[in-house]
Amino acid sequence: MPKPDPCKKLACAIQKCLSENDFQESRCTKQIDNLLECCKKYHTFSLVCSGMKPKAVTEENQNIKD
């Protein structure tokens with residue numbers, strides 16, 4: 001059985017936020033930032049992140065915001 005995608009919940013949170021906010025990205029920056037951080041950490045495992053170019057994970061950017 002494959003492991004669950006570690007960033008899928010965050011991608012779904014973006015879609016939910018966008019649909020609740022008339023697709024205004026400026027209202028969903030926290031969710032977008034969370035997905036970007038997740039992709040930096042799990043880009044090799046996450047299908048959600050497959051189209052993103054990973055940036056280096058640093059101590060500063062490895063924490064996902066609550």
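To begin with, is Cys-49 buried or exposed?

Analyst: In this predicted model, Cys-49 is buried, because its relative accessible area is 1% and buried means under 20%. Its partner is Cys-39: the two form a disulfide with their sulfur atoms 1.9 Å apart. The pair links distant parts of the chain, with Cys-39 in helix H2 and Cys-49 in the segment after H2, ten residues apart. Cys-39 is buried as well, at a relative accessible area of 4%. The torsion about their S-S bond is about -75°, so this disulfide is left-handed.

A disulfide is a covalent bond between the sulfur atoms of two cysteines. The whole structure holds three disulfides.

Another disulfide joins Cys-7 to Cys-38, with an S to S distance of 2.0 Å. Cys-7 belongs to the segment before helix H1, whereas Cys-38 lies in helix H2, 31 residues apart. Cys-7 is buried at 0% relative accessible area, and Cys-38 is buried at 1%. The link of Cys-7 and Cys-38 is left-handed, with -90° about the S-S bond.

The remaining disulfide joins Cys-17 to Cys-28 (S to S 2.1 Å). Cys-17 lies in helix H1 and Cys-28 in the loop between H1 and H2, so the bond ties together parts eleven residues apart in sequence. Both of these cysteines are buried, and their link is left-handed, at -95° about the S-S bond.

Counting bonded cysteines along the chain, the disulfides follow the pattern 1-4, 2-3, 5-6. As for Cys-12, this residue counts as partly exposed, at 45% relative accessibility.

Note on methods: Residues numbered from 1 in each chain as written. Predicted model: local features only at pLDDT ≥ 70, side-chain atom pairs only at ≥ 80, totals over all residues. Heavy atoms only, no water. Disulfide = S-S within 2.5 Å. Helix = DSSP H or I, 4+ residues; strand = E, 2+ residues; numbered from the N terminus. Buried < 20%, exposed > 50% of the residue type's maximum accessible area, 1.4 Å probe, protein only.
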